[in-house]
Amino acid sequence: MHEYSEKIRDIAEKLLKNGTVDVFIGFKKGTVPMMNEPVLISDPEKVHTLHWDSHCALNLCNYLTGRTDKIGILATGCNSRNIMTHIVENQIKREQLHIVGIPCTGMIDHRAVQRAVQFKEILDITEDKDRLIVKGDGFEEKLDKKDFLQSNCLTCAHRNPVEYDELVADLVPEQEGVSAYEDVTQIENMNIDDRWDFFRDMISSCIRCYACRNACPLCYCPTCFVDESRPQWVGKSIDPTDTMTFHILRAYHCAGRCTDCGACERACPVGIPVRQFTKKLNKDTLELFSWEAGLTSKQRPPLDVYKVDDYNDFVK
Ligand code: SF4
Ligand code: SF4
Ligand code: SF4
């Protein structure tokens, strides 16, 4: 991963100096371990702040919306798919972008690491090939990185960027035969009351902070339906009905567009597995339309198009 950081800095410096891009979007090391922060750099003298490791799990596509300048941007598999979706949805133009592809081996679940060290304060965490070295006051733990990957990364079938202008490293092997939807199938197999209870319990600690929405590159509406007051579509309280309305409607807005990047879940301050909503819709769009979001910039998502020969009975 350190090789990635050096290569990223070299590429960003080159692109900014030769005028290919006006700004470069990447990550810098966070002030708190495992919390790297997105950074926008326009001064080639500042590329030394760019950093890459397995804690760069926010979605950089979030910073592209509506920009009109020339942009260099890092893109893992999932981030590149969100960029394709942004292009399809006219949020950015392909010709504005210089996509620097990151062959990705997965991001670390920071909550799992915290659990592994019994919630002791982590002061430093480094990577040595496949190991994480976690240090705090009076302790040092060595953990196998593969045991601490985010759940979306464990089943990711598109670790390489789907489109790029250059790569920071050779492409990595894709994970074959992974089953991404076992958890969804389990929920589908519940009876309707149990399913409702499952989702009601899941969101019971939601504080309606909207960090999940704000972390998601799909949520770029100038005014989100939850913030509208004329008309007010949904109450602003943490009443379970209001909260469920927010989650279900947001999930439907993501149908056929979600890349399962995990940024929403990572951003949630109370650890709600909000991907349980979007994963069901990802599974449905795969089964009904053979569609996975963001694999191309040439085709709109299935729920975004209408054809007279659509097979649904209600289309006459
Ligand atoms: S979902 Fe895939 S591409 Fe995205 S961070 Fe995880 S492993 Fe990488
Ligand atoms: S809903 Fe979550 S997993 Fe899907 S694209 Fe948005 S942030 Fe990523
Ligand atoms: S980030 Fe978590 S707590 Fe905040 S609105 Fe989303 S699910 Fe609720």
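These entries follow the order of the look-ups.

I am working from a predicted model, where local features need pLDDT of at least 70, side-chain atom pairs count only at pLDDT 80 or more, and totals for chains, interfaces and linings use all residues. Residues are numbered from 1 along each chain as its sequence is written, and chains are lettered from A and ligands numbered from 1 in the order in which they are written.

**Ligand 3.** I listed its surroundings, counting a residue if its C-beta atom, placed from the backbone, lies within 6 Å. Among them are Cys206, Cys209, Cys212 and Cys268, with Arg208 and Tyr210. The shell has eleven nonpolar residues, no polar and one charged. Here Ala, Val, Leu, Ile, Met, Phe, Trp, Tyr, Cys and Pro count as nonpolar, Asp, Glu, Lys and Arg as charged, and the others, Gly among them, as polar.

**Core.** I found 58 residues in the largest nonpolar core, and Leu74 is one of those with the most contacts inside it. Such a core joins buried Ala, Val, Leu, Ile, Met, Phe, Trp, Tyr and Cys residues through C-beta atoms within 7 Å. Buried means 20 or more other C-beta atoms within 10 Å, exposed 12 or fewer, and partly exposed in between, with C-beta atoms placed from the backbone.

**Lys70.** Is Lys70 buried, exposed or partly exposed? I get partly exposed, because 15 other C-beta atoms lie within 10 Å. Lys70 and Ala263 are 193 residues apart in sequence and 25 Å apart in space, C-alpha to C-alpha. Leaving out residues up to four places away in sequence, Lys70 touches Thr20, Val21, Asp22 and Gln96 (contact: C-beta atoms, placed from the backbone, within 7 Å).

Terms used:
Two residues are in contact if their C-beta atoms, placed from the backbone, lie within 7 Å.
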